[in-house]
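This note is written for a student who is reading a structure of this kind for the first time. Please keep the sequence and the model side by side while working through the points.

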Amino acid sequence: MTSSADQPGTTKPAETIEVRRKRLTFRSWHRGTREADILLGRFADRHLPAFDAGQLDRYEHLLELSDPDLYNWMSAREPVPPEHDNDVMRLLIAFNFKTTVA
């Protein structure tokens, strides 16, 4: 027996923001390269709990991009393309590649 959510033309229940945060955190820790797992996973652990829906949208879009592109942008090897230059990308860069002096 199938549920109505499995029928064509019906929708599944909306994902809660907490479930979405957990899903994105999991995706951040399971990128495919250990380096990306560490960079994005640590960032997700630290920042996703405070992200609003718009920030989660922008972060999810970044997760769809390739690890080499993200790494090159975060490390300033290449400039961040304008379509990806947003508050979340800048926070990701600052979190991973900028140090502060105490």
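1. A residue is called buried when its relative accessible area is under 20%, exposed when it is over 50%, and partly exposed in between, with a 1.4 Å probe and protein chains only. Helices (H or I, at least four residues) and strands (E, at least two) are DSSP runs, numbered from the N terminus. With these terms, the buried residues of helix 4 are D67, L70, N72, W73 and M74.

2. The model is predicted; local features need pLDDT of at least 70, side-chain atom pairs count only at pLDDT 80 or more, and totals for chains, interfaces and linings use all residues. Residues are numbered from 1 along each chain as its sequence is written, and side-chain values use heavy atoms, with hydrogens and water left out.

3. The overall plan comes next. The chain contains five helices and zero strands, and its elements run α-α-α-α-α from the N terminus on. Of its 102 residues, 35% are buried. The accessible surface (Shrake-Rupley method with a 1.4 Å probe; for residues, only the protein chains shown count as cover) comes to about 6700 Å², and carbon and sulfur atoms hold 56% of this area. Contact means heavy atoms within 4.5 Å. Among contacts with a separation of 6 or more, 53% join residues 24 or more positions apart.

4. Two packed helices are described by the angle between their axes and the distance between the axes. Here axes are lines fitted to C-alpha atoms, for helices over the stretch in contact, and angles run from 0 to 180 degrees between N-to-C directions. Angles under 35 degrees count as roughly parallel, over 145 as roughly antiparallel, 65 to 115 as roughly perpendicular and the rest as oblique.

5. How do helix 1 and helix 2 pack? Helix 1 (residues 17-29) and helix 2 have axes 6 Å apart, at an angle of about 155°. The two helices are therefore roughly antiparallel to each other. Helix 1 contributes T25, S28 and W29 to the contact, while the residues from helix 2 include R34, D37, L40 and D45. By class (Ala, Val, Leu, Ile, Met, Phe, Trp, Tyr, Cys and Pro count as nonpolar, Asp, Glu, Lys and Arg as charged, and the others, Gly among them, as polar), this contact of helix 1 with helix 2 has five nonpolar, three polar and four charged residues.

6. D37 deserves a separate look. This residue is placed in helix 2 and counts as buried because its relative accessibility is 9%. Not counting residues up to four places away in sequence, D37 touches S28, W29, H30, R31, G32 and R42. D37 and D67 are 30 residues apart in sequence, yet their C-alpha atoms are 9.5 Å apart in space.

7. A second pair is formed by helix 3 (residues 53-63) and helix 5 (residues 87-97), whose axes come within 8 Å and cross at roughly 65°. These helices are therefore roughly perpendicular to each other. Q55, R58, Y59 and L62 of helix 3 meet D87, V88 and M89 of helix 5. By class, four nonpolar, one polar and two charged residues make up the contact of helix 3 with helix 5.

8. L56 also lies in helix 3. With 0% relative accessibility, L56 counts as buried. Its contacts, leaving aside neighbours within four places in sequence, are I17, R20, R21, L24, L48 and F51. F51 in turn, with such neighbours again left aside, is in contact with residues including I17, L56, Y59 and V88.

9. A nonpolar core is a set of buried Ala, Val, Leu, Ile, Met, Phe, Trp, Tyr and Cys residues joined through side-chain atoms within 4.5 Å. The largest one has 19 residues, and L48, F51, Y59, L70, M74 and M89 have the most contacts inside it. Helix 2 (34-47), helix 3, helix 4 and helix 5 each give two or more residues to this core.

10. The buried residues of helix 4 pack against helix 2, helix 3 and helix 5. N72 lies in helix 4 (residues 67-74) and is buried, with a relative accessible area of 16%. Is A76 buried or exposed? At 65% relative accessibility, A76 counts as exposed. A76 belongs to the loop between helix 4 and helix 5, and has a positive phi of about 65° although it is not a glycine.
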